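Take a walk through the structure shown here.

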Amino acid sequence: MPSISPRGASLPASPIRKLAGAADRARAAGRTVFQLNIGQPDVASPQEFWDAVRGYQGDHLAYAHSAGLMELREKAAEVYQRRGIDVGPQHIQVTTSGSEALQMIMVGAMNPGDEIIVPEPMYANYIGFSAITDVNVVPLTTRIEDNFRLPSSEAFAERIGPRTKAILICNPGNPTGTIFDDQQLEELRALALKHDLYLIGDEVYRDFNYTDKPVKSVLQLEGMEQHAVMVDSASKRYSLCGARVGFLVTKNEALLDAALRYAQARLSSPTLEQIGLIGALGAPDSYTEATREEYRARRDTLVRRLRAMPGVLCPDIEGAFYATVRLPVEDADAFCLWILEEFSHNNATVQMAPASGFYRTPGLGRDEVRIAYVLNNNDLNQAMDCLEAALLAYPGRKS
Ligand SMILES: Cc1ncc(COP(=O)(O)O)c(C=O)c1O
């Protein structure tokens, strides 16, 4: 039998989908599984998306230009401009989702063995993409006791070495919901310029901001034309996870050119979904505002319920739609499996993502879970009833 490569063997399994088998078995046994493990929004996509897709007139579906449909890039630039991000269509590469944009950046900007500094806990697939591209993720640990407060610029500076190529921030953050303030961004800007590093802003949750300060884009930092790269996606903003369309945005022409050549090799992002996204980008601001208020209400419910559970530590959550939470258990992996396999409350159970997979440093996050609040308030309350009862019943509960 031919062997697989060491690289193939090193690819990590997604912690988000880790317990899928146990959840399937719970469903097969007739229990409702409240899915809090994956950032799969349930809010309706904008009507403008469906209208644009249904309005497609062709009799066959052609490849789109590898850089993306020009009309989509123009529309995206217009939307960015309205939000104070000064870019044109020539700065936008349409990608087959934010995931592809991240891989394009790692391939286009980094050599195998180069390093990228990322605060942890981090979006777990950063670790997966780095394994694909042989880039080393250097974690910078943030702690639940400090509300996952973001590291100081000195802490970032200490991690910079001869192979460091980039700092990657997720803003607002998955899985912690923290938001970088202007001063922190200014400090990162200074570091990136001083050490000639890329500053990559994964801004796919930009619209999910529950504070009264705007989320600043890395593209709004002065003098960063060659250093700032933004990753964006239709998945969360418009509940279009299955469309697989996103953007890589930068003024760095060499990186854009590398991204385009990558894009040429994979020919095209989905054409019909790009057409749909042109429609979605034209949705009124009221769509975004209503979606944000819906998630804010869910956030409030989640925080209130978790903080009322003895032994649970729920930090402040400023944005995105996740909470990383400490439970009164030794091993959250074991608890997340137990609740699916052995526990039910009103014939329901809960699927969560153990947080250990969101840390790069081994051993961290063992008593934490990530909860995605992507259920309506009623279901979320039922899921919290279930979690509360499970924590009281769990034999491995810490006293
Ligand atoms: C922080 C972050 N970045 C990027 C992505 C990738 O999104 P997509 O590939 O659906 O655009 C996700 C998805 O959950 C995410 O949470």
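Asp196 is found in the loop between H8 and S6. Here helices (H or I, at least four residues) and strands (E, at least two) are DSSP runs, numbered from the N terminus. The phi of Asp196 is near 55°, a positive value in a residue other than glycine. Most residues other than glycine have a negative phi, and most peptide bonds are trans.

A word on the source. This is a predicted model, in which local features need pLDDT of at least 70 and side-chain atom pairs count only at pLDDT 80 or more, while totals for chains, interfaces and linings use all residues. Residues are numbered from 1 along each chain as its sequence is written, and side-chain values use heavy atoms, with hydrogens and water left out.

A cis peptide bond joins Asn171 to Pro172, with omega about -10°. The bond from Asn174 to Pro175 is also cis, and its omega is near 15°.

Helix H8 (residues 182–195) lies across S5 and S6 and runs at about 165° to S5. Axes are lines fitted to C-alpha atoms, for helices over the stretch in contact (heavy atoms within 4.5 Å). Angles run from 0 to 180 degrees between N-to-C directions. Strand S5 (residues 164–170) and strand S6 (residues 198–202) run parallel, joined by 5 bridges. Ala166 has Tyr198 in S6 as its bridge partner. Two strands count as paired if DSSP finds at least two bridges between them.

What is the order of the strands in the open sheet of 7? It is S2-S8-S7-S6-S5-S3-S4, and the pairing is mixed. Strand S2 (92–95) and strand S4 (136–141) stand at the edges with a single partner strand each, so one side of each is left without a neighbour in the sheet. From one strand to the next, the twist averages 25°. Strands of a sheet pair through backbone hydrogen bonds, either parallel or antiparallel.

Another open sheet has 3 strands. Their order is S9-S12-S11, and the pairing is antiparallel. Strand S9 (322–326) and strand S11 (353–354) are the edge strands, each pairing on one side only. S9 pairs with strand S12 (residues 368–372) over 5 bridges. Ala323 stands opposite Ile371 in S12.

Turn to a pair of helices. The axes of helix H5 (residues 98–109) and helix H10 (residues 253–265) come within 9 Å and cross at roughly 115°. Residues of H5 in the contact include Glu100, Met104 and Val107. Among those they meet in H10 are Leu255, Ala258 and Tyr262. The residues of the contact of H5 with H10 divide into 8 nonpolar, 2 polar and 1 charged. Ala, Val, Leu, Ile, Met, Phe, Trp, Tyr, Cys and Pro count as nonpolar, Asp, Glu, Lys and Arg as charged, and the others, Gly among them, as polar.

The last stop is the ligand. For Tyr205, an N or O atom in the side chain is 2.6 Å from a ligand oxygen. Ser235 has a polar side-chain atom 2.6 Å from an oxygen atom of the ligand.

Definitions and conventions
A polar contact is a pair of N or O atoms within 3.5 Å; within protein, one must be able to donate a hydrogen and the other to accept it, and residues adjacent in sequence count only if both atoms are side-chain atoms.
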